[in-house]
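Dear colleague,

Please look through the model first and then compare it with my notes.

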Amino acid sequence: MFLNRTRQITGLDIGSHAVKMIALRPAKGELPFELVHFGVADVPEDTIVDGAIADEEPVARTITELLDQHKVKSPLIAASVSGNAVIVRRVTLPRQDPDDLRAALPYEAEEHIPFDIDDVDLDFAILSEDDESGSMDVVLVAAKRERVDEHVAVIEAAKRTATIMDIDAFAVQNAFEFNYPERQFEDVAILNLGSSVINMAVLEGGNPSFWRDIAIGMQQYVVALQRQFMLDAFDAEEVLRRVSRNAAAQGGGAPDRSLAEWSDEGEEGADLQDAATDPRVLEVIGQVSDRIIGEISKTFDFYQAQAMREHFDAVFLAGGGAHITDLGNRLHDRMGWPVEIFDPLRRVKIPEGLFDPEYIRDSGPESTVAVGLALRGVTE
Ligand SMILES: Nc1ncnc2c1ncn2[C@@H]1O[C@H](COP(=O)(O)OP(=O)(O)OP(=O)(O)O)[C@@H](O)[C@H]1O
Ligand SMILES: [Mg+2]
C-alpha cells in the first residue's frame, strides 16, 4: 500500500555537455529493475563550465523540456555534483559513535579536506570497524556549498525538487556494484570520462577505497579539433563522433570516405568534409588521448603508491569518452590492465516497444551517473 504511494525519484545527471535522465522501477523476472524513463539532452554551450552552473536559465529550460518531453510525472530528483567542488577521502579514525563523529566532523575534516570548512557541506560513512586496533575506516565527503546550492536551485527553477544530492564518483560506484555483482571480489577502477572532468572510483575486492575527480575532460578533443581544423564546437564534436563511430565499425581502423557523406553543403561543409576524412584527425585525437592518459596514469600512480597495490583486474570506461576511438586501447597499452566498456543497464530490463534499444545502447556509457542516481530512488 505504501509502496504504491511512493513517488518515483528520477536520476538526473546535469553534465557540462549533456543532461542525462533515468528512472527505474522494480521488475518481475530475472532482472531486478526495468527502465521507466531514459532521456538525454545537450546543454547549451558554456552554460555549465567545469561543473559550475554559469547560466541557470538555459540549464533549467533544458531540464524542464527533457522531463516534460518524456512525461516524467514525479517532481522528485536525485542529482549530483562533481569536479573541483568535491573532495572524498578515505581515512582511518579512532573508533567512535557515529553521533560523536558527526559532531567532530568539521574538526576531523579540517585535517583531510583542503577547503575552507565553513564553505562546505560535510558528510561521512563508516566503511569498516576494527576491534583489535580500536579504529575505523571512514569516507569523508566535502562538497562546496555554493555548488550544491546551485544544483538545488537549477532543479527548483525547473519546477522540480532535489531530494537526493550525491557525488558523481559515488553514483558511478553504485552503478558498478549494482550491474556487476559477480565482479565484487575483483580489484577494479571505473573511469567516468566526462566532458570537463574524469570521475574515478576504485574498489579493492569490492571495498570502495579511492575516489578522485581528475581535472581533464573530453572537451580537450573538441578544442583540439576546433583549433586544428578551424571548426566550430558543434562541427568538431560531430567529427569526433563520426571518426569514433567509423573506427568502431571497422574495428579500430582509419576513417574511410563514408565520413564525408554526412557533412552539409557549402564552404563550411567542405572544410568539415576535409577534416572528417583527413588522416591528421586521427593524429590529433591520438595526441589528446595521450595527454588524457598521462593525467589518468598520474592518478593511478598516486593511488598505487598509497595503496601499495600494483594490479587491477579491470579498468571500466564510462561516460561519453568511452566511445572515443582508440582511447581504451591506448590506455591498455600504457597501463597493461584489461580495459572494458561499462554497461550501466546490464541488469536493467528495457521494456520492448517503449524504447529504441539501439539509441539506448549507443548512449549507454554516458548514462552511468544517471543510473547510479536512479538506483538511489528504488530498492531491490
Ligand atoms: N559517440 C561519441 N563519440 C565520441 N565522443 C563522444 C561520443 N559521445 C559523447 N562524446 C564526448 O563525450 C563528452 C560528453 O560525455 P558526458 O556526457 O559523459 O559528459 P558530461 O557528463 O556532460 O560532462 P561532465 O561530467 O564532465 O560535466 C563530450 O565531450 C563528447 O564529445
Ligand atoms: Mg558527467
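Ligand 1 of this predicted model is surrounded by 23 residues, the closest being Gly-15, His-17, Gly-194, Met-218 and Gly-320, where a residue counts as near a molecule if its C-beta atom, placed from the backbone, lies within 6 Å of it. By class, the shell holds six nonpolar, 14 polar and three charged residues (Ala, Val, Leu, Ile, Met, Phe, Trp, Tyr, Cys and Pro count as nonpolar, Asp, Glu, Lys and Arg as charged, and the others, Gly among them, as polar). Its largest share, four residues, comes from helix H7; helices are DSSP runs of H or I of at least four residues and strands runs of E of at least two, numbered from the N terminus.

Because domain 1 (2–83 + 148–171 + 346–376) and domain 2 (182–342) both give residues to the shell, ligand 1 lies between them; the domain bounds come from an automatic or database domain assignment. Between the domains themselves, 14 residues of domain 1 are in contact with 19 residues of domain 2, contact meaning that C-beta atoms, placed from the backbone, lie within 7 Å. On the side of domain 1 that touches domain 2, helix H5 (168–179) and helix H12 (368–376) each supply at least two residues, and this side comprises three nonpolar, seven polar and four charged residues.

There is also an open sheet of five strands, ordered E13-E12-E11-E14-E15 with mixed pairing, two strands being paired if DSSP finds at least two bridges between them. Its edge strands are E13 (207–214) and E15 (339–341). Strand E14 (residues 314–318) runs parallel to E15 and is joined to it by three bridges, with Glu-340 of E15 as the bridge partner of Phe-316.

Helix H6 (residues 219–229) packs against helix H9 (residues 279–307) at an angle of about 145°, with the axes 10 Å apart; axes are lines fitted to C-alpha atoms, for helices over the stretch in contact, and angles run from 0 to 180 degrees between N-to-C directions. The residues that make this contact include Tyr-221 and Leu-225 of H6 and Val-288 and Ile-292 of H9, and they divide into seven nonpolar, two polar and one charged.

Residues are numbered from 1 along each chain as its sequence is written, while chains are lettered from A and ligands numbered from 1 in the order in which they are written. As the model is predicted, local features need pLDDT of at least 70 and side-chain atom pairs count only at pLDDT 80 or more, whereas totals for chains, interfaces and linings use all residues.

With best regards

Notes
Contact = placed C-beta atoms within 7 Å.
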